[in-house]
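Trainee: I would like a close look at a single part of this model, please. Could you take me through it slowly and then set it in its surroundings?

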Amino acid sequence: MKKDKVFNFFYFLPIVVIIIFVFVLPLIYDLYISFTNFGSLHLFKYNYVGLLNYIIIFKYGYFLDLLKNTLIWTLGSLATYMPLGFGLALILNQPDLKGKSIFYAILILPWAFPSFISLLIWQGLWVYPYGIMNRLILPMFHLPTVNSSTSTTDAWIELITVDDWLSFPYFMIVFYSALQSIPRELYDIADLDGANTFTKFFTITLPSLKKTIAFVAVGTFVYTWNNFYPIYLLTDGGPGISTETFVTYSYQQAFSNSNFALAAAWSIISTLFVIILSIIVIKYTHILDSFT
Amino acid sequence: MIQVKKHKILKILRLGISYAVLIIMVIVSIFPLYYIFMVSFSGAPTLVSLISSGILPKHLNFTAYKYIFQANIYGGSFLLWLRNSLILAGSTAILSVILALITGYALSRLDIPAKKILATFIYIVTFFPYTATAVPIYLLFAKFHLINYIGLILAYTPGTSIYAAFIAKLSIDSIPASYEEIAMIDGLSRFQVFLRIVMRLALPVVALTAILGFSGAYLDFALAYSFLVTNTKAWTGLVGLYYLAGLVNQASAPAYDLFAAGAVIMGIPLTALVLVSFRMMTRAYSAMAGVKQ
């Protein structure tokens, strides 16, 4: 039996090997680079410089600004698209609603359409002042125009609305599937007891979905924290560095400034943050219990 | 009587608000896609020249499509790049499915030492953002002569596979183990059981993984660009479109109708694929609802 157990490990071997190659080794390599002065000035002969890059980051490197931006980006997105998706799922889950499948099929379009291309489309829509949003749509509803190259607030509005557009269907799909797995009888019994809609929501719906919500929220938190294309394509971290997050800033240090060592240090800091936060959440909510 | 009437008014109100919200969201969802579709036929070379009537054109202008299919950049053409994308994305999808199912099966069924630690490790390792590690991956892969399609496929696969493996685990949990036991008594090996029973019953997860893996590779820009930029014949559709439409440098006005046409050509087939397999994918996601409460 013991031999069997060891043999079973071979099922994990492929994924473990590929993970080591694609995640673990680059991570170690990145850690090593962050202690050197590897960059365009020292491309082939670089030296060990100790904690210099980290000292630069914490002393002169906008650490707190970028932390604030990363939190605005992550929590701002999470706090809008999850409720939006959840609300739509609740609306669609009403048994007496007609045309459900048509609405459903259309509402998943933003998720079904390739996101990278959608981002480029939105980038063109928001260009100030020629983009259709600023030229046509916003004036149509008598709303002020949005200029993400001069106003930080405008830049965040643009980023988060686009991210909401891209992601709300995913949450709608997941929560809708989850809602349908709640047995109808629970609601029938509550009806007999004369419970109103709100009571039913807080005593049946929400408790039944607690674990799904927690699992989705943790995964999405990490995904959004690391999500780089929306910011890179829409505002490019601007105006100035006011919408720059850890990940986009690190990317820019590497590819625009060719300062690979500083970029590595930034990405190590960012990763430490997510991993520590996630371990706390995983321990606290036990979301991984069903997976192991 | 009043009670019944009040109930009825509330019901109408509830449904009315529901339909209003749904209709607004439908318009919001469709608008950018409708817009890009129309722009691709507008013949407007830049964003500035796109007039409002461009999104309600009177006649269709095919210039952009013609240009895209005829363009030749140092031996590379859009059709060649699309073919490259399909090869890359298809291989990633197949590899992702195999890895996700093997791992999901092991997580669900097998007794393995330190399984919990292993699963947590696999889960947490994906938290590392690969756009930020593009440099170390590039340098590491260069040492192993992997700055090519094989390297790209290797880099694309694990993210999707791990996410899908956890969903696969939940789906396989819901397949009664007795099916496999009976098959094994009938003389099938564990591997045959895996192929014939688990693969077939976990089909929704297979579809979901394949599509996620496919679109991940099909839509990657950062890594594909750094791996392939020097060889125009090896470009992917997205890298090629970026170049054709002049999107690399935002300061120069991009050729907007070309971008729109490329977006339609690259976007519509994938969207259709997702919609066609959607029923299956929802079934895979509903496994997530089966998380132990």
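Which residues have the most contacts inside the largest nonpolar core?

Mentor: Happy to! Please keep in mind that this is a predicted model. The largest nonpolar core has 158 residues, and those with the most contacts inside it are A:M172, B:A164, B:A168, B:L208, B:F259, B:A260 and B:A263. Helix α3 (residues 78-109) of chain B supplies the largest share of this core, with 15 residues. The core also draws at least three residues from each of domain 1 (2-63) and domain 2 (72-289) of chain B.

Let us pick one of these residues, B:F259, and follow its contacts. Leaving aside neighbours within four places in sequence, B:F259 is in contact with B:L241, B:A245, B:L247 and B:P254, and also with A:L120 from the other chain.

Now widen the view to the place where the chains meet. Chain A brings 80 residues to this contact and chain B brings 78 residues. On the side of chain A that touches chain B, helix α2 (residues 13-33) of chain A gives the most, with 14 residues. Sorted by class, that side of chain A has 55 nonpolar, 19 polar and 6 charged residues.

Among the contacts in chain B with a separation of 6 or more, 73% join residues 24 or more positions apart. Chain B is divided into domain 1 (2-63) and domain 2 (72-289), and the C-alpha centres of these two domains lie 32 Å apart. The contact between them takes 12 residues from domain 1 of chain B and 8 residues from domain 2 of chain B. The side of domain 1 of chain B that touches domain 2 of chain B has 8 nonpolar and 4 polar residues, with no charged ones.

Chain A has 14 helices and 0 strands. Of its 292 residues, 38% count as buried, and residues 24 or more positions apart account for 64% of its contacts with a separation of 6 or more. Along its principal axes, the C-alpha trace of chain A spans about 75 × 70 × 30 Å.

A:L64 is exposed because it has 9 other C-beta atoms within 10 Å, where 12 or fewer count as exposed. C-alpha to C-alpha, A:L64 is 31 Å from A:P144 in space, and the two are 80 residues apart in sequence.

Last, a word on confidence. The mean pLDDT of chain A is 85, and 96% of its residues reach 70 or more. Within chain A, confidence is highest in α4(A), at a mean of 93, and lowest in helix α1 (residues 2-8), at 70.

Key:
Residues are numbered from 1 along each chain as its sequence is written. Chains are lettered from A and ligands numbered from 1 in the order in which they are written. This is a predicted model: local features need pLDDT of at least 70, side-chain atom pairs count only at pLDDT 80 or more; totals for chains, interfaces and linings use all residues. Two residues are in contact if their C-beta atoms, placed from the backbone, lie within 7 Å. Domain bounds come from an automatic or database domain assignment. Ala, Val, Leu, Ile, Met, Phe, Trp, Tyr, Cys and Pro count as nonpolar, Asp, Glu, Lys and Arg as charged, and the others, Gly among them, as polar. A residue is buried if 20 or more other C-beta atoms lie within 10 Å of its own, exposed if 12 or fewer, and partly exposed in between; C-beta atoms are placed from the backbone. Helices (H or I, at least four residues) and strands (E, at least two) are DSSP runs, numbered from the N terminus. A nonpolar core is a set of buried Ala, Val, Leu, Ile, Met, Phe, Trp, Tyr and Cys residues joined through C-beta atoms within 7 Å. pLDDT is the predictor's confidence in each residue, from 0 to 100.
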